[in-house]
Amino acid sequence: MLVAIGAAGVLVGAMGCAGDVDPGSSGSGGSGIGGNGGTGAVGVGGTAPTPAVTTLSACTTPGLEPPLMRRLGATEFARTIQDAFSTIPTTDWSSQIRLGVDTLSSLHLGNDASVLLVGKQTAEEILSSAEAIATTVTATANLNTVLPCAAATPNETCAGTFVSTVGKRLFRRALAADERERYLATYRSVAGRSDFKTGIKWALVAMIQSPRTLYRSEVGTKVGTTYSLSQVEIASQLAYDFGGGPPTDALLGRAERNELGDPTVLVTEARALLATPGGRDVLRRFYRQWSKYERVANEVKNNVANFDVLRGAMLDETQRFIDEVVVNRQGKVADLLTASFTMLNGPLAQLYGYGNATAAAMDWTEVNRPATFGLGLLAQGSMLAGNAHGDSSSPTLRGLVVFERLLCNERPPVPANVPRIEEPSPGAKTTRQRYETAHAGSGACNVCHLKFDPIGFAFEHFDEVGRYRAAEGGLPIDATGRALAPDGSVLTSFDGLTDLATKLGALPQVSNCIGGFIETYTFGGGGGQSCLAPDARKGLTEGRYGLLEFTAQLAASPNFVRRTAP
């Protein structure tokens with residue numbers, strides 16, 4: 001449930017009408033979409049705790065997750081393998097890793113511990129990956145690089161060296177004596193019936209499939225009423241949460257010296273990790289999943305030639321824009337929503353009608369938006385085109401972006417017998433008029449649509465691919481609207497996208513909501529809790545932290561080093 005974030009403390013009632021799409025126009029689709037899993041992270045006992053509905057005002061005492069075993073996502077697994085065998089040159093490990101796309105939670109986040117489970121299909125994918133990786137590693141030239149003694153003394157002593165060194169990289173800690181013996185026993189069993197390399201191969205297959213490789217341990221040791229995470233667990237959490245991969249030898253060294261307890265040290269490490277290429281990838285995955293701007297990748301626009309090329313450019317534009325605002329300028333929430341520039345290449349400049357339309361597709365330039373062309377993230381072509389239909393804009397889809405991802409409301413379920421929206425008829429009715437007629441005419445629809453359609457009307461100066469339009473089919477556009485507070489009162493009113501973005505950027509509720517999403521993502525689902533880092537969240541809503549610094553400050557929360565009893 002979206003309320004697990006606790007950012008706005010809003011739980012919308014069950015009655016409703018609109019799903020993800022509003023059926024009716026050609027190319028519009030027809031059904032709503034729901035979540036793909038729960039939001040609570042899985043505790044050691046295997047049970048997802050019940051999410052708590054908590055507002056920020058009630059979030060004065062930091063909460064704690066239960067002890068967790070978090071399965072590596074596909075990207076984290078790939079990074080782990082790559083780092084373990086970094087001495088093997090020019091190997092495309094991605095072609096040998098057969099893990100499917102990570103399951104998304106009901107929050108559309110792809111690293112939730114409660115949905116990253118190992119069922120039959122995933123187990124088969126892991127086995128297939130392990131065999132492919134082990135085959136590559138034990139190719140003669142590669143094995144001699146990873147294990148120099150394999151060329152001169154291919155015996156059990158050499159095999160023991162392999163198990164100890166590679167096992168430490170895969171497990172992110174030194175192997176215990178019984179673990180080392182277990183994998184050596186596998187080596188002996190296979191090598192005794194075949195040869196050294198084959199024994200090494202199947203010992204490696206076993207290590208890759210081990211829960212110690214596939215899962216991140218955040219269990220700790222019970223101290224009083226809570227569990228204290230070990231230094232190695234903290235190092236692993238830092239490395240994956242902020243760097244997207246396993247801990248370096250240097251970070252493990254700090255853990256071995258017991259240096260990872262002070263919050264200031266943890267935040268410093270988090271900042272450094274976020275500055276690495278892996279950290280940049282972590283940030284990009286979050287913003288892509290939170291904003292859902294990647295939806296444009298599957299869009300088809302009936303009246304725009306070469307949109308299959310343009311939609312790829314839109315994805316690139318938004319990633320570059322977020323990189324610039326969040327990372328390079330260390331912007332705050334208001335900056336993300338109200339930045340007056342974007343990043344354009346020639347094809348997009350030609351599509352939007354501003355910027356250098358003669359520039360090559362590979363030449364990207366920062367361009368200031370014309371005064372009427374909106375501001376910030378919500379004015380991105382990917383956001384506008386990705387939340388529209390093949391031949392028309394969609395106030396419902398665009399309004400839901402703000403309703404769910406910026407105000408942290410929960411979308412109501414879609415009822416049966418959803419009425420159809422009239423087909424677009426240029427010069428007869430505006431899109432707003434078609435939607436108001438359809439949704440106001442049905443009491444059940446209107447109850448819910450009045451919560452998000454009026455937000456979406458602010459986007460009506462932008463067509464289905466994000467191009468500005470002063471009028472629609474010769475008819476004047478009414479882009480006024482309002483957003484409601486949980487009690488039904490008017491939270492804010494606005495006229496057009498620029499006004500909407502400006503007012504949203506000034507609302508503490510919006511900063512709080514986005515902070516809740518970042519917190520939930522960082523902590524792998526948040527354990528069903530919504531108050532894991534209240535001090536950092538307060539700093540974000542008060543404007544003391546930019547989005548990048550807020551993310552790093554999560555490492556200072558008590559939840560980063562302790563867990564509650566499950």
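## Reading packing and pairing

Me: Helix 6 (residues 177-191) and helix 7 pack with their axes 8 Å apart; what is the angle between them?

Reply: Helix 6 and helix 7 give about 140 degrees. One caution: this is a predicted model, residues are numbered from 1 along each chain as its sequence is written, and side-chain values use heavy atoms, without hydrogens or water. Local features need pLDDT of at least 70, side-chain atom pairs count only at pLDDT 80 or more, and totals for chains, interfaces and linings use all residues.

Me: What handedness does the crossing of helix 6 and helix 7 have?

Reply: Look at the near helix against the far one: turned anticlockwise by less than a right angle is left-handed, clockwise is right-handed. Helix 6 and helix 7 cross in the right-handed sense. Contact means heavy atoms within 4.5 Å. Here helix 6 brings Tyr-183, Thr-186, Tyr-187, Val-190 and Ala-191. Helix 7 answers with residues including Phe-196, Ile-200, Trp-202, Ala-203 and Met-207.

Me: How does helix 2 (residues 120-137) pack against helix 7 (residues 196-209)?

Reply: Their axes lie 9 Å apart, at an angle of about 140 degrees. Helix 2 is therefore oblique to helix 7. The classes are: under 35 degrees roughly parallel, over 145 roughly antiparallel, 65 to 115 roughly perpendicular, the rest oblique. Helix 2 passes helix 7 in a right-handed crossing. On the helix 2 side, the contact residues include Ile-126, Leu-127, Ala-130, Ile-133 and Val-137.

Me: How many helices and strands does the chain have?

Reply: Helices are DSSP runs of H or I with at least four residues, strands are runs of E with at least two, and both are numbered from the N terminus. The chain has 23 helices and eleven strands. Of its contacts between residues at least 6 apart in sequence, 71% join residues at least 24 apart.

Me: Which residues touch the most other members of the largest nonpolar core?

Reply: Nonpolar side chains tend to be buried together in soluble globular proteins. A nonpolar core is a set of buried Ala, Val, Leu, Ile, Met, Phe, Trp, Tyr and Cys residues joined through side-chain atoms within 4.5 Å. Buried is under 20% relative accessible area, exposed over 50%, partly exposed in between (1.4 Å probe, protein chains only). The largest core has 94 residues, and Leu-238, Tyr-287, Leu-336, Leu-378 and Leu-500 touch the most other members. Helix 13 (residues 307-328) gives the most to this core, with nine residues. Another core lies apart from it, with 41 residues, among them Phe-77, Ala-130, Val-146 and Val-205. Over the chain of 566 residues, 55% are buried.

Me: What does Leu-336 touch?

Reply: Skip residues up to four places away in sequence. Leu-336 then touches Tyr-287, Trp-290, Phe-321, Ile-322, Val-325, Val-326, Gly-376, Leu-377 and Leu-547.

Me: Is Leu-548 buried or exposed?

Reply: Leu-548 counts as buried because its relative accessibility is 14%. Leu-548 sits in helix 23 (residues 547-553). Gly-331 is 217 residues away along the chain, yet its C-alpha atom is 7.6 Å from that of Leu-548.

Me: What order do the strands take in the open sheet of three strands?

Reply: Sheet strands pair through backbone hydrogen bonds, either parallel or antiparallel. Two strands count as paired if DSSP finds at least two bridges between them. This sheet runs 3-4-11, with antiparallel pairing. Strand 3 (221-223) and strand 11 (562-564) are the edges, each pairing on one side only. Neighbouring strands are turned by 40 degrees against each other on average, direction ignored. Strand 3 and strand 4 (residues 226-228) share three bridges, and Lys-222 has Tyr-227 as its bridge partner. Val-223 lies in strand 3. At 49% relative accessibility, Val-223 counts as partly exposed.

Me: Which strand pairs with strand 9 (residues 480-484)?

Reply: Strand 10 (residues 490-495) does, antiparallel, over five bridges. Gly-481 has Phe-494 as its bridge partner. The two strands form a hairpin with five residues between them, and Gly-488 in the turn has a positive phi of about 90 degrees.

Me: Which way do the residues of strand 5 (residues 341-344) point?

Reply: Phe-341 and Met-343 point one way, Thr-342 and Leu-344 the other, and all are buried. Strand 5 pairs antiparallel with strand 6 (residues 365-368) over four bridges. Val-367 is the bridge partner of Thr-342.

Terms used: Axes are lines fitted to C-alpha atoms, for helices over the stretch in contact, and angles run from 0 to 180 degrees between N-to-C directions.
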